[in-house]
Structure formats: structure tokens, C-alpha cells
Amino acid sequence: MLLGLASGGLWSVWWIALAVVLVVGGLSAILRSAGLEWVRIRRILIGVYAIGYVSWFAINGIIIDRISVLLSFAIFLGVASVGRSRDAWRRTATDLGLFVMMWVAYDESRGVADELGMPIQVESVRDIDRFLLFGRDGSVALQERFLAPVGTVRWYDVVASCVYYSHFIVPPIALGVLWWRNRDEWVRYMRRFATLMLVACTMFVLLPTAPPWMAAGGSTRPGFRFDALPALRRPTGNGWEHIGLRNFVEAWDTGRDWANDVAAMPSLHAAYALFVVAFFWPKIRSPWIRAALVAYPTSMAAALVYFGEHYLTDALVGWAVVGLSFLVWNRVETRHRSSGDVDTENGANSDVDDEHNAPVAVAVADGGTDGGVAQTSAGEGSAAEVAADGTVPSVSALR
């Protein structure tokens with residue numbers, strides 16, 4: 001019995017965590033004894049983590065269940081904090097706690113919604129979509145026009161699948177890279193992200209909505225059988241299966257068993273796609289890259305409607321919530337900058353190559369970045385104060 005308990009459930013998480021601690025600790029000790037600085041050790045460990053993550057993805061499919069997502073993020077934060085001070089580890093623990101709270105809130109929204117028993121929106125959202133699309137049902141029209149017979153996959157099915165599943169890849173990568181390179185930017189990201197999640201979870205509870213595939217009679221759950229739309233297929237994974245990523249699709253199908261089927265308003269797929277683009281937009285100057293960024297949320301919305309996963313209305317509301325979160329926090333941060341209340345932890349997690357491993361804030365004379373704060377490119381995450389005449393004093397002078 002104890003052996004069974006120790007080999008399954010949450011115990012497996014602890015065994016994995018223990019194994020990771022031993023491997024990371026042993027590898028760090030070996031590299032440190034070889035004379036490597038902590039900043040280089042962290043880069044090596046993050047590289048090993050990335051290889052392991054991609055390998056897991058190729059063999060077992062994407063990490064999608066909540067426990068595994070939290071564990072993988074915790075491992076990343078731990079790896080990126082190796083060799084740092086106790087204060088840095090306390091910040092890491094706080095940041096991880098915030099991330100855990102968001103995931104728990106998302107999970108609990110389903111239970112709260114079931115207890116409240118709010119009516120499921122079926123015809124109302126369908127009718128709004130018909131108004132926006134001049135009397136047509138978006139998912140029905142797209143599948144009638146473009147969806148091939150069962151067993152046939154076309155090139156745009158592959159593209160649509162890639163766009164759809166990027167939802168599980170792009171936002172976490174952005175989150176991790178920001179935390180590693182510049183914690184102030186990570187905090188700005190998380191403020192907006194947490195606001196988005198708060199509004200979305202509230203709407204999931206108060207406004208449970210049947211997605212098109214369910215409105216078309218695609219659910220087998222008692223009380224969830226509807227006939228508001230003609231029959232629809234749900235070919236979301238066809239494209240990825242076609243290019244050999246069947247394990248990913250199987251992992252996603254398994255994850256759908258515990259997903260909240262009526263958490264469709266707003267669409268988090270559409271919201272996350274626009275969120276990432278909106279956050280990095282001010283930092284991008286190339287018109288070609290900006291054009292590609294614009295294509296991401298629009299193609300995500302098209303894929304969602306084509307697959308019958310969401311109405312166009314769900315996507316538009318998701319985009320509106322993103323806009324609301326950015327509007328609120330842009331004003332709050334602008335007010336703080338105007339009052340002189342500027343964060344002083346810029347780049348608190350950034351790796352620097354000096355002997356104390358202590359980042360220094362950068363004051364940019366031309367005010368070219370939000371809040372007049374930025375990072376120089378003199379080494380990964382290193383920083384120096386830039387004087388008004390453009391000169392850069394030595395790091396020792398700044399101390």
C-alpha cells in the first residue's frame with residue numbers, strides 16, 4: 001500500500017522534485033568546482049532545462065495538467081535562482097506563490113460555477129454571433145467551406161492546429177524569459193495577466209457559456225446536450241497528428257476530461273494571443289515583425305471559430321478584457337511615475353558578470369522606454385547608470 005502511494009498521485013511530484021534537486025545540486029557543485037561563475041552555471045542549467053522540456057514535449061506531449069505546469073514552472077524558477085542570495089530566493093518563492101494562486105483560482109472557478117448553478121448561455125451568444133456575421137453561424141460556415149472529409153488533412157488544418165496549440169507554449173515561454181531577464185517587466189506582465197485571469201474567472205462563474213461544438217450537440221455530459229447549431233466536428237488536433245505530434249494531441253485530449261467545458265466566455269486562447277502581442281508591441285520596431293504579431297491573434301480567432309471551439313464573440317470579449325487590463329495598469333503605472341514612485345528592483349533577477357552578482361538600475365536619458373527605465377546590453381541582464389551626456393560610469397563607481 002505504501003509502495004503504491006509512494007509511486008503515484010502527488011507523491012510522484014515529490015519524487016520528481018527530489019530528483020531535480022539532487023541533479024541540479026550535483027551539477028551545480030561540479031560546475032562550481034570547475035571554476036565557473038554562478039551566472040554561467042545558471043545559463044547551463046537553463047539550457048539543460050530547455051532540452052529536457054523539449055524532450056518531454058516530443059516524447060510525452062505538452063505539459064498541460066495543472067500540477068505538472070506548476071511543477072515545471074517551479075523547477076525553472078529554482079534553476080534560474082541557483083547561486084543567488086537569500087533575498088532573491090524569497091522573491092522567487094513570492095513569485096511562485098502568485099503563480100500558484102492564479103492557477104488555483106482558475107481551477108476553483110469551475111467548482112464555484114457548479115455550486116451557483118448559473119444558467120448556461122447557449123442561444124444568446126449564438127445570436128450575437130449571427131448579428132455580427134450577418135445572420136451566419138461562423139463555425140458552421142467555415143467547416144462547410146473548408147473542412148475536408150474525415151481522414152483528409154489540408155495545409156491550413158496544420159497551420160490552424162499550430163496556432164491553436166501555441167496557446168500552451170508561447171505565454172509560458174514569455175513568462176519565464178521575462179522573469180529571468182528582468183523582474184520589473186515580469187511584474188508588469190503579471191499585473192496585467194492576473195487582472196485578465198480575475199475578470200475571466202469571474203465571467204466563467206457568472207456567465208457559463210456553451211462553445212459551438214457543445215451547442216451543436218457535441219457533449220455527452222448529462223444536462224449539456226443542446227441543438228442550437230447544426231452538427232459540427234471538432235478537428236482541433238488533426239493538423240498536429242498529421243505532422244507526427246500525436247502524443248501532444250493525446251495529452252490535450254486527456255486534459256479536456258477535467259477542463260471546464262463551459263468556460264468559453266471570454267476565450268482565453270484569443271485573450272492570451274493578443275496579450276503577448278500587446279505587451280511586447282512597444283519594444284518591437286520592425287514593421288515586418290509587427291505585421292507577424294498582428295497576424296497571431298487574428299489567426300488564433302479564425303482557428304478557434306473554424307474548429308468550433310469558440311464563437312467570434314468569445315474572442316472579441318477576450319480581446320476587450322485584455323484591453324481593459326492594459327488600460328487600467330498603464331494608467332496606474334503612469335500615475336506612479338508622475339509621482340516619482342518608480343520601482344527600484346529593475347532586473348532583480350537578471351544575471352550579471354560582476355563579483356557581487358548585483359544588478360544596477362539603468363536610467364535612460366532619452367526616456368526611450370516605459371517609465372524611463374531599461375536594461376543595457378553589456379552582457380546578459382547587466383546594467384549601468386547612463387548619464388545625461390551619454391557616458392557610462394564604471395560599476396564600481398556606482399556602488
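**Cores and helices**

I looked up the largest nonpolar core and found that, of its 43 residues, Tyr 189 and Met 197 touch the most other members. By nonpolar core I mean a set of buried Ala, Val, Leu, Ile, Met, Phe, Trp, Tyr and Cys residues joined through side-chain atoms within 4.5 Å, where buried is under 20% relative accessible area, with a 1.4 Å probe and protein chains only. Helix H10 (183–206) gives the most to this core, with 10 residues; helices here are DSSP runs (H or I, at least four residues), numbered from the N terminus.

I note that this is a predicted model, in which local features need pLDDT of at least 70 and side-chain atom pairs count only at pLDDT 80 or more, while totals for chains, interfaces and linings use all residues. Residues are numbered from 1 along each chain as its sequence is written, and side-chain values use heavy atoms, with hydrogens and water left out.

Next I listed the contacts (heavy atoms within 4.5 Å) of Met 197, and, leaving aside neighbours within four places in sequence, they are Met 102, Tyr 106, Leu 268 and Tyr 272. A second, separate core has 19 residues, among them Phe 57 and Tyr 296.

The buried residues of H16 pack against H6, H10, H14 and H15.

Last, I turned to Leu 293 in helix H15, whose C-alpha atom is separated by 5.9 Å from that of Val 277, 16 residues apart along the chain.

Notes:
Buried < 20%, exposed > 50% of the residue type's maximum accessible area, 1.4 Å probe, protein only. Helix = DSSP H or I, 4+ residues; strand = E, 2+ residues; numbered from the N terminus.
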